[in-house]
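I opened the notebook to record what I looked up in one structure. The entries follow the order in which I worked.

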Amino acid sequence: MNRGMDGPEASALQELARELGVLTGYRDGLGRRVEVPPEGLVALCSAVGPEIRSPADAAEALGYVSRLRQSRMLSEVIVAWDGRLDAAALRAPSSSVSGEPPGRRLHAGTDVRLTFVREDGEERQLLGGPRGEPGSRLEASSGRGEGSERPEQLPFGYHRLRLETAGRSEECTVISAPRRAWRPRGGTASWGLAVHLSALRSSRSRSVGDLRDLEAFCRWTGARGGDVAAVLPLLPTFNRPPSEPSPYSPVSRLFWSELILDLGDAHRPTPPSPGLDVERADAEVRAALDARPSPDAARVDEELRAYARFRGAQARLGRDWRRWPRGARRGTPRDEDVDPGEERFHLIAQVEARRQLGELGSRLASDGFRIGLDLAVGVHPDGFDPWSRQGLFASGISVGAPPDRAFPSGQSWGFPPVLPEASRAEGHRYLADGVAHQAAVADVLRVDHVMALTRLFWIPAGGGIEEGSYVRYPAEELFAVLCLESHRHHCEIVGENLGTVPDEVEEALHRHGIAGMYLAQFDAAREDPHPPRATEVSSFGTHDTATFAGWLKGRDIDERLGHGLVDEATAEDERTARRREVERLME
């Protein structure tokens, strides 16, 4: 395809991209302006919206998208900040993610009936102004002959709004949320330590650290004046051959890793391995849980039952569910498709993990100590979430990042992105469930790559980084979910805003009372380093950086040289720069 093409087809393709929230150009982490080639725009637009095969299809697709948007009477999601539903929000937007102002008025001059359905099921009638003109104030009627009253504030939660007019009916989600995330009153500065639980070992440890080791670590930290311990994601990973132990590519964002379980006296201490041996750790957990009875049915919810059957089906049919027989692939594996022993193991492991985490949290809270958890930005493509919610994830796309100083060739992280419009159609339930899953346990939740709430870098399958681009997300709606779950669980929120982050992210963090991050290793590289702000969580390093001791000695530079990522001359320049950075930091 001609990268330099222009004319009506190119104009239609770029307009379609803008309408779908696909950026036609961006600035990468090296400061370079990048224009996305037509083949990249075609692939990304086809993933986000109606399928197109070439720029020649863009005009027809654009017309379809415009007609679809114009046909809606309500936006799929309406945010009621601080519980106040603005009548001006009752308009179908011309673009859900572009940030453009709302479109046409909602059936001006037509009688309408609006029904507000609370999260608890209670219904109230909302009556508009004369002939349904939504510019007037809304009033609520309880429907019990008590007259009308003005709803000054909606209860916080996920509600539904139903509109009926001229034989048509349409519903949308109303997210009533505090504008700012939860913070404890009178909070003062405090400190703590962060660790990868698998690497945390004591004299009693088996192959990996477990929740008993974590409690001991918390007590050790607390005895020295700290009041928080943060860990990398405790989400399940693929631990059997071929194992993929990265906690940032989990099987699901809705369940816990079975490797974290305290097995009590059912194991013997294990000599440490040179590296992380999740296969050995997995065998230890299975041996310990094998003799335990299956959990009571009352402790197994529908989602957990589906998760356990999925893992059981993988044991029989293979990890890649896209290759399964049709019924199992579409979500209904037969009994003969499911390994009963594997299904039972995951039921026991998840019920036990929920119990142990809940009890650990209660014990630590009574001593004023806090646990910090980590919300991974994605999920493994072979995982439970993409299988159980196939319409929610984009196929043939990987999330990643354009080139920057740390990764000059860019990155592809290998997991599929959530489709913005599909998420809006379900009222962002998947995000809400994933946040709630961890916030119910955590006192502090770090949101990895918080920029993902505003935009994500998508890379077409089979294409290079140069064919990728950013895709916009409905940021205010997603921040509303985050703030609501933060308050429901009294959990502080930290947004990982390191690296190349647009101003809109920083503004959103400030607007919603979400702490950002300050990284000493990064700030020391500035000519004018500054101390962390009161609204930032400061640290020497993160899981993405060299250890602090290694950074001080330049070992990360030696590693990059050894792997051929830099040449000797560049490495020496970096060592010189590093000495200056260390001096700045010490000052």
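**Entry 1: two helices**

I noted that α5 and α8 are roughly perpendicular to each other, because angles of 65 to 115 degrees count as such, while those under 35 are roughly parallel, those over 145 roughly antiparallel and the rest oblique. I was working on a predicted model, in which local features need pLDDT of at least 70, side-chain atom pairs count only at pLDDT 80 or more, and totals for chains, interfaces and linings use all residues. Residues are numbered from 1 along each chain as its sequence is written, and side-chain values use heavy atoms, with hydrogens and water left out.

I looked up the axes of α5 and helix α8 (residues 340–366): they come within 11 Å and cross at roughly 90 degrees. Axes are lines fitted to C-alpha atoms, for helices over the stretch in contact, and angles run from 0 to 180 degrees between N-to-C directions. Helices (H or I, at least four residues) and strands (E, at least two) are DSSP runs, numbered from the N terminus. I then listed the contacts (heavy atoms within 4.5 Å). V285, R286 and L289 in α5 meet E342, R344, F345, H346, I348 and A349 in α8.

**Entry 2: aromatic rings**

How many aromatic pairs does a search of the whole structure find? I got 15. Rings of Phe, Tyr and Trp (its six-membered ring) pair if their centres lie within 6.5 Å; planes under 30 degrees apart count as stacked, over 60 as edge-to-face and the rest as tilted.

I picked F255 and Y307, a stacked pair with 4.2 Å centre to centre and 15 degrees between the planes. F255 sits in the loop between β11 (228–231) and α5 (278–289) and Y307 in helix α6 (residues 302–317), so the pair ties together parts that are 52 residues apart in sequence. Buried means under 20% relative accessible area, exposed over 50%, and partly exposed in between (1.4 Å probe, protein chains only). F255 is buried at 2%, and Y307 is buried at 0%.

I next took F457 and Y470, whose ring centres are 5.2 Å apart with planes at 70 degrees, so this pair is edge-to-face. F457 belongs to strand β16 (residues 455–460) and Y470 to strand β17 (residues 469–472), so parts 13 residues apart in sequence are tied together. F457 is buried at 1%, and Y470 is buried at 5%.

Y470 has another entry: R455 lies over the face of its ring, 4.0 Å from the ring centre. A charge sits over a ring if NZ of Lys or CZ of Arg is within 6 Å of the ring centre and within 35 degrees of the ring normal. I also found R429 over the face of Y158, at 4.6 Å.

**Entry 3: sheets**

β16 and β17 belong to an open sheet of four strands, in the order β14-β13-β16-β17, with antiparallel pairing. Two strands pair if DSSP finds at least two bridges between them. Strand β13 (residues 397–401) and β16 have four bridges, and I noted I459 in β16 as the bridge partner of S398. Helix α2 (residues 38–48) lies across β13, β16 and β17, at about 115 degrees to β16.

An open sheet of five strands has parallel pairing, in the order β10-β11-β12-β15-β18. Its edge strands are β10 (192–195) and β18 (492–495).
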